[in-house]
Amino acid sequence: MGRRKNNQNSMSLNNAQHQATKICFNDDEEEENSNLDDSIVATEKAIAMDDVTMSDPNGSFVDGGDDDNTSADYYFDSYSHFGIHEEMLKDVVRTKTYQNVIFQNKFLFKDKIVLDVGAGTGILSLFCAKAGAAHVYAVECSHIANMAKEIVESNGYSNVITVLKGKIEDIELPVAKVDIIISEWMGYFLLFENMLNSVLYTRDKWLANDGIVLPDKASLYLTAIEDAEYKEDKIEFWKNVYGFDMTCIKKQAMGEPLVDTVDQNQIVTNCQLLKTMDISKMASGDTSFTVPFKLVAERDDYIHALVAYFDVSFTKCHKLMGFSTGPRSRATHWKQTVLYLEDVLTICQGEALTGSMTVAPNKKNPRDIDITIKYSLNGQRCVASRTQHYKMR
Ligand code: SAH
């Protein structure tokens, strides 16, 4: 995907501009992995893992050995390929925060039973084992589980970590309860892929009464940006393609939120907290909601799009820890989610763009998200009011 204007080198730009977020952002253990900062590749996080039963109608895995995977396997299950795990591991904001949470809070893990939901390469399980967990169950449904098994063995943790290949919903655990559930389940726009539901299922089935979920809080935010140049490039482009009218694609492009890096200088209004989810308490239905917003312009400018992003926090740590994926924080592979508006809004400093956002899993495919935005501006120079529907897929 193309980079946004003023952001040809978005990673290094954002690293240079790295600002403290509201929550304590831990990147102080630089020595071990600091070389990763330079080698981050801002590739797309590939399409979400579709229901694995699509590639295997019986719902069980055909373990053909990892080198037997074909592009068909990866099409239906992108998490089988090491590339997506490489991108996640090299996202130092993400991985370092989990590492710091675990290593700086060993009191949480010592002699505890841990369940790692969606273990991938097993990295979080390895951190937990190293921090003194009594036993870690690493559950992973894609073929990368075979690699996780080898990784656990070759690092000498076979006696502490058990890798179980399968969907968490289908797995049987040799224990009745676990003390800690750890997972990196967050998708684009926080909820894309809907893996949160699997974590909630796991919590209800296996978490001991005094057990904890890591992370335990996730919040979604909204702001508004000036984005004339890029909207022209991504949306208006379709009006005249080598002299032909492709406006029908423009309509589709408008309805698909764009995952991309936003420069903080594009932000026109305040950033508003839309919704906080408490992973330790919420119900699966709480991922559908309607919330109001009021975005107040901090300068005279034009608004072309709304931008959503999230942060997650680990409140059970000795000191609050977490990270933000916002445009004012260091870049992550989640980037931000841009929702283009039909209207270009001419907003004056102090005026408010008000409205509501409705979010719900798509009925046909709950891994996709339907978003509806209602907005209105009653300003000196611009009066506009509209409802727009978006689909993340
Ligand atoms: N924990 C790893 C990987 C995170 S990505 C890390 O931090 O690097 C999420 C992983 O969860 C993917 O590998 C995906 O295949 C897996 N996953 C998604 N839904 C799952 C489910 N219901 N059961 C088991 N694994 C799941």
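## About the model

Residues are numbered from 1 along each chain as its sequence is written, and side-chain values use heavy atoms, with hydrogens and water left out. Since the model is predicted, local features need pLDDT of at least 70 and side-chain atom pairs count only at pLDDT 80 or more, while totals for chains, interfaces and linings use all residues.

## The chain as a whole

Let's start with the overall picture. The chain has 11 helices and 15 strands (DSSP runs numbered from the N terminus: H or I of at least four residues for helices, E of at least two for strands). Of its 393 residues, 55% count as buried (under 20% relative accessible area with a 1.4 Å probe, protein chains only; exposed is over 50%, and partly exposed is in between).

## Around the ligand

The ligand has 20 residues around it, and Arg94, Gly118, Glu140, Ile168 and Glu169 come nearest (a residue is near if one of its heavy atoms lies within 4 Å). By class, this shell has 9 nonpolar, 6 polar and 5 charged residues (Ala, Val, Leu, Ile, Met, Phe, Trp, Tyr, Cys and Pro are nonpolar; Asp, Glu, Lys and Arg are charged; the others, Gly among them, are polar).

Some polar contacts stand out here (pairs of N or O atoms within 3.5 Å; within protein, one must be able to donate a hydrogen and the other to accept it, and residues adjacent in sequence count only if both atoms are side-chain atoms). Arg94 places a polar side-chain atom 2.8 Å from a ligand oxygen. Ligand nitrogen atoms are reached by a polar backbone atom of Gly118 at 2.8 Å and by a polar side-chain atom of Ser198 at 3.3 Å. The protein covers 98% of the 570 Å² of accessible area that the ligand has on its own. Helices α4 (82-90) and α7 (123-130) are the elements that give two or more residues to the shell.

Thr95 sits in helix α5 (residues 92-103) and counts as buried because its relative accessibility is 9%. Its side chain reaches the backbone oxygen of Met88 at 2.9 Å. Beyond neighbours within four places in sequence, Thr95 is in contact with Met88, Leu89, Ile123 and Phe127.

In helix α8 (residues 144-154), the buried residues are Ile144, Ala145, Asn146, Ala148 and Val152. Their cover includes α4, α7, β2 (135-140) and β3 (161-165). After α8 comes Gly156, with a positive phi near 75°.

## The nonpolar cores

The largest nonpolar core holds 93 residues, of which Leu115, Ile279, Leu353 and Met357 touch the most other members (a core is a set of buried Ala, Val, Leu, Ile, Met, Phe, Trp, Tyr and Cys residues joined through side-chain atoms within 4.5 Å). Strand β10 (residues 301-314) gives this core its largest share, 6 residues. A second, separate core of 11 residues includes Leu258, Val262, Ala305 and Tyr340.

Note on methods:
Accessible areas come from the Shrake-Rupley method with a 1.4 Å probe; for residues, only the protein chains shown count as cover. Contact means heavy atoms within 4.5 Å.
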